[in-house]
Amino acid sequence: MKMDGPDRFLNRELSWLAFNERVLALAADPDLELLERAKFLAIFASNLDEFFQVRVAGLKEQLAAGIVAASPDGRSPSEQLFEIQAKVTQLARTQQQLLKKEILPALAEEGLRIISWKALSQRDRRHLRSFYDREIQPALTPLAVDPAHPFPWISNLSLNLGMLVLDESSGLRRFARVKAPAALPRLIPLEDGERWLPLEQLIATQIDDLFPGMKVLSTHTFRVTRDAALLIDEGEADDLLSAIQSGLHRRLRVNDAVRLEVEKGMSEEIRDLLVEELELSYLDVYTQNTLLDATCLWQLYAADRPDLKAKPWRAITQKRLQNIGTSEDRENIFDEIRRGDVMVHHPYDSFATSMEAFLESASEDPNVVAIKHTLYRTAGSKNRVVRALIHAAQAGKEVVALIELKARFDEQSNIEWARNLEAAGVNVVYGMVGLKTHGKVVLVIRREADGLRRYCHIGTGNYNPETARIYEDIGLLTASEEIGAEVGQLFNHMTGYSAPIPAKHLLLAPDSLRSGLLERIRAIAEEPGGEITIKVNGLSDPEMIEALYAASQAGVKIDLLVRGVCCLRPGQPGLSENIRVRSVVGRFLEHSRVYRFLKGNGEEQLFLGSADLMTRNLDGRIEVLAPILDDDLKKRVREILSVGLDSKACAWKLQSDGTWVQVPKSDGFDVQLRLQELADKH
């Protein structure tokens with residue numbers, strides 16, 4: 001390997017596909033509960049949808065713009081697209097085999113069946129025809145293509161039926177399309193609630209009724225994936241809210257197609273027409289020999305069959321928070337935080353009795369005068385965090401919510417919540433021009449005997465109770481005057497667009513995060529015996545990778561826990577032989593970001609926060625890393641890291657050639673089960 005060549009980096013897109021392959025491996029795991037396996041197939045399919053909408057679309061945009069610059073690993077956009085197509089074809093084949101030969105037959109044995117129209121009894125058919133007449137047929141719109149009717153718009157990720165119809169009076173053959181209504185469930189339940197018929201099959205059996213006087217020659221299901229980019233020029237947008245809404249509309253109507261999925265057996269005539277009209281190539285066509293769009297397996301997962309699912313994890317309330325509001329010496333959560341920093345580890349620690357309790361206490365406490373909060377991804381009506389902000393504003397407190405309208409795929413939800421918050425009297429700020437606000441920060445200002453005191457929460461995850469049950473995240477609650485002052489300055493910068501004030505304790509992007517991390521990596525390399533441990537979702541920034549390579553060459557022991565994309569090549573002699581990379585993929589989505597720097601003399605620095613080692617996080621977002629200063633909390637963080645890095649942990653190991661190898665279950669332990677056990681002890 002050339003020490004200065006592009007092969008010192010792994011390709012980002014292929015690395016992401018390798019991550020999704022690790023998700024697919026969970027669906028293939030016979031030791032998992034059956035509906036859990038089906039769930040991971042649905043997650044795999046959903047991940048792939050997003051990959052095409054974002055990453056593949058981006059590469060196609062580069063080609064269309066004539067950009068031929070290579071990625072850090074030396075691949076051109078066209079080379080990447082070719083390799084992506086080959087890898088996705090392989091993964092899709094594995095997915096289809098799992099679904100068709102293992103999971104669907106096993107579910108059928110357990111009484112949960114996705115069946116075909118041919119397998120239905122006459123009673124079942126009468127029931128479904130009645131349902132079709134009442135609930136489906138009125139919503140269908142057949143669209144034919146001829147000189148007077150142009151090819152119809154095919155919306156992103158919609159399920160469609162394409163057909164050839166014959167006008168027997170004229171002998172003309174035409175293409176027609178019928179869209180399956182998005183408001184209807186993809187799988188139509190039968191009366192027994194244990195069998196489902198795919199929606200497209202029910203429509204197909206009744207399709208003749210939509211074309212009276214015509215003969216339907218063939219009917220085939222297809223699905224189109226489009227570029228999900230929002231086309232917004234923030235510099236020209238005086239009102240970002242209006243710009244986002246306009247961009248959402250353009251996303252629905254303008255964005256180019258990037259993938260065509262078709263069912264096996266589709267006629268060449270229809271396939272060729274779709275490829276031509278959608279302006280795709282045949283490399284963009286993916287043929288499915290089983291159920292099109294496996295995200296519908298979430299419907300099966302919703303079945304009331306606890307015997308086929310993992311035993312629910314009931315989040316615990318750690319000892320320090322158990323007596324909040326019940327004992328005389330612990331009147332509220334602020335008293336406990338003032339006694340010492342509190343760290344919570346979700347989903348093992350309860351989100352309700354920590355983060356939600358913190359915000360609800362702040363909204364109800366008459367001594368709290370102000371609350372400032374960043375919101376990146378919200379939930380629906382169940383979000384007690386957002387409701388606490390509304391309650392606080394209605395109670396007359398000063399409440400500021402910085403809502404990131406550009407959070408991909410959550411834009412519409414965030415717009416709706418922004419309006420609700422504004423209506424309640426919350427001061428809403430819609431992010432910053434040119435930067436996504438990705439940092440997870442809350443500031444509560446409370447009047448106490450010695451004056452105003454700041455209480456902060458800085459975390460790695462979104463303030464969303466739904467994801468808090470399935471995302472692994474860490475949060476820090478602190479009353480540190482120094483950290484509180486810097487968080488206050490950060491909010492002033494975000495809401496007032498004032499110049500950022502240099503922080504001494506926090507690492508902030510885009511101002512000090514990159515330089516601060518590089519400084520610490522290089523400092524560890526300056527003396528023998530140093531160690532670096534980093535846990536992130538993604539690692540792709542070339543400068544950071546080069547810094548880690550340099551530290552490895554200086555003898556620093558480096559352990560990396562990377563859930564998803566990793567472009568660093570570990571274990572390469574003369575380059576990265578001191579770097580070990582592991583990935584934990586399991587029941588919960590590993591989402592926390594932790595940075596540990598240990599000098600040879602024992603001096604240790606620990607940070608947690610919102611930032612991955614991706615260029616977008618370091619340079620294009622508002623990100624926050626906070627130091628862990630309490631010795632007991634440092635020990636707890638080290639404990640969490642050590643579980644994933646244990647040689648007996650059933651994690652994946654990245655090889656120097658870019659492949660991932662899993663530690664066999666027979667040889668080790670489940671990382672997330674071990675973390676549950678540790679949470680019980682705390």
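## Around Ile532 and the cores

Let's start at Ile532: leaving aside neighbours within four places in sequence, Ile532 is in contact (heavy atoms within 4.5 Å) with Ile521, Ile524, Ala551, Val556, Lys557, Ile558, Asp559, Arg596 and Phe597. This is a predicted model, where local features need pLDDT of at least 70 and side-chain atom pairs count only at pLDDT 80 or more, while totals for chains, interfaces and linings use all residues. Residues are numbered from 1 along each chain as its sequence is written, and side-chain values use heavy atoms, with hydrogens and water left out.

Ile532 also belongs to the largest nonpolar core, which has 85 residues. A nonpolar core is a set of buried Ala, Val, Leu, Ile, Met, Phe, Trp, Tyr and Cys residues joined through side-chain atoms within 4.5 Å; buried means under 20% relative accessible area, exposed over 50%, and partly exposed in between, using a 1.4 Å probe and protein chains only. The members that touch the most others are Leu517, Ile532, Leu548, Leu560, Leu568, Val581 and Tyr595. Helix 2 (residues 34–64) gives this core its largest share, 14 residues. There's a second, separate core of 45 residues, with Leu435, Cys456, Ile458 and Ala679 among them.

Helices (H or I, at least four residues) and strands (E, at least two) are DSSP runs numbered from the N terminus, and two strands pair if DSSP finds at least two bridges between them.

Leu166 stands opposite Arg173 in strand 4.

## Ser350 in its loop

Ser350 is found in the loop between strand 10 (342–346) and helix 11 (352–364). With a relative accessible area of 9%, Ser350 is buried. Its side chain reaches the backbone nitrogen of Ala352 at 3.1 Å, and a polar atom of that side chain lies 3.1 Å from the backbone nitrogen of Thr353. Not counting residues up to four places away in sequence, Ser350 touches Ala315, Ile316 and Thr317.

Terms used. A polar contact is a pair of N or O atoms within 3.5 Å; within protein, one must be able to donate a hydrogen and the other to accept it, and residues adjacent in sequence count only if both atoms are side-chain atoms.
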